[in-house]
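Please look through the fold shown below, one pair of elements at a time. Each question that follows is answered in a few steps.

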Amino acid sequence: MIKLYGHELSGNSYKVKLMLSLLGLDYEWIKVDLMVGEHKQPEFLALNSFGQVPLLVDGETVLADAQAILVYLARQYDGEKWLPMAAEPMSRVIRWLSTTAGEIRQGPESARLYHLFKVTNINIERTLQKSEFILTQLNAHLANREWLELGHPTIADVAVFPYVALAPDGKVSLDDYSHILAWCLRIQNLPGFVGMMGIAEPARV
């Protein structure tokens, strides 16, 4: 069975949980207690020398980094739907994985680290500026489309969604970004969607 090592407050751990659930895959959740440093212990470092979550173990395959894990799960378990193989559409999807690791990490994710986890070596003013920039860009991109690319959900949406939806944890309001809010709701209504602390599951009728 697939094993997922992560922490329940980690947005990156959550996005892998979400992908596994959207794909309908069974897995074992293994909590890594970051507060007591379990991710820095020899047993975990033997699996991931970077000492970071999430970490996915699938048989003989051991993968770190949330974006890399999304790529693996999409290609290994779902053919073309979540990550197409053709060069141009694949490039459009991968672009958003880079945005997740760049602008979103430097903006909403860092603001959340500052306010929720009290990481003090973050320039919060610059982080809020970066948050406004990427959220404005994302909102404009979603003004005339339902999904980030290709007209249907892809791993681009799964990668970008968590730290955008969790932006209020970093005192970054989404109230002025109506297209983002509508997109978040569409993701929350996907079959198999699961939430986390700060991201509620919609009421099912």
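**Strands, helices and their contacts**

Q: In which sense do strand β1 (residues 2-6) and strand β3 (residues 55-58) pair?
A: Strands, like helices, are DSSP runs numbered from the N terminus, with at least two residues (E) for a strand and at least four (H or I) for a helix. Two strands pair if DSSP finds at least two bridges between them, and β1 and β3 have three bridges. Within this pair, leucine 4 stands opposite leucine 56 in β3. The sense of the pairing of β1 with β3 is antiparallel.

Q: On what kind of model do these answers rest, and how are its residues numbered?
A: Residues are numbered from 1 along each chain as its sequence is written, and side-chain values use heavy atoms, with hydrogens and water left out. Local features need pLDDT of at least 70, side-chain atom pairs count only at pLDDT 80 or more, and totals for chains, interfaces and linings use all residues, because this is a predicted model.

Q: Which strands stand at the edges of the sheet?
A: Four strands form an open sheet with mixed pairing, in the order β2-β1-β3-β4, and the twist averages 15° from one strand to the next. Each edge strand has a single partner strand, so one side of each is left without a neighbour in the sheet. The edge strands are β2 (27-31) and β4 (61-64).

Q: Which residue takes a positive phi in the hairpin of β3 and β4?
A: β3 and β4 pair in the antiparallel sense over four bridges, and aspartate 58 has threonine 61 in β4 as its bridge partner. The hairpin has two residues between the strands. The positive phi, near 65°, belongs to glycine 59.

Q: At about what angle to β1 does helix α1 (residues 11-22) run?
A: Helix α1 lies across β1, β2 and β3. Axes are lines fitted to C-alpha atoms, for helices over the stretch in contact, and angles run from 0 to 180 degrees between N-to-C directions. The angle of α1 to β1 is about 155°.

Q: Is α4 parallel or oblique to α5?
A: Helix α4 (residues 87-116) and helix α5 (residues 124-141) pack with their axes 9 Å apart, at an angle of about 135°. Angles under 35 degrees count as roughly parallel, over 145 as roughly antiparallel, 65 to 115 as roughly perpendicular and the rest as oblique. The angle therefore makes α4, relative to α5, oblique.

Q: How many nonpolar residues has the contact of α6 with α7?
A: The axes of α6 (residues 155-165) and α7 (residues 178-188) come within 11 Å and cross at roughly 115°. Contact means heavy atoms within 4.5 Å, and among the residues that meet are Phe161 in α6 and Trp183 in α7. Ala, Val, Leu, Ile, Met, Phe, Trp, Tyr, Cys and Pro count as nonpolar, Asp, Glu, Lys and Arg as charged, and the others, Gly among them, as polar. Besides one polar and one charged residue, the number of nonpolar residues in the contact of α6 with α7 is eight.
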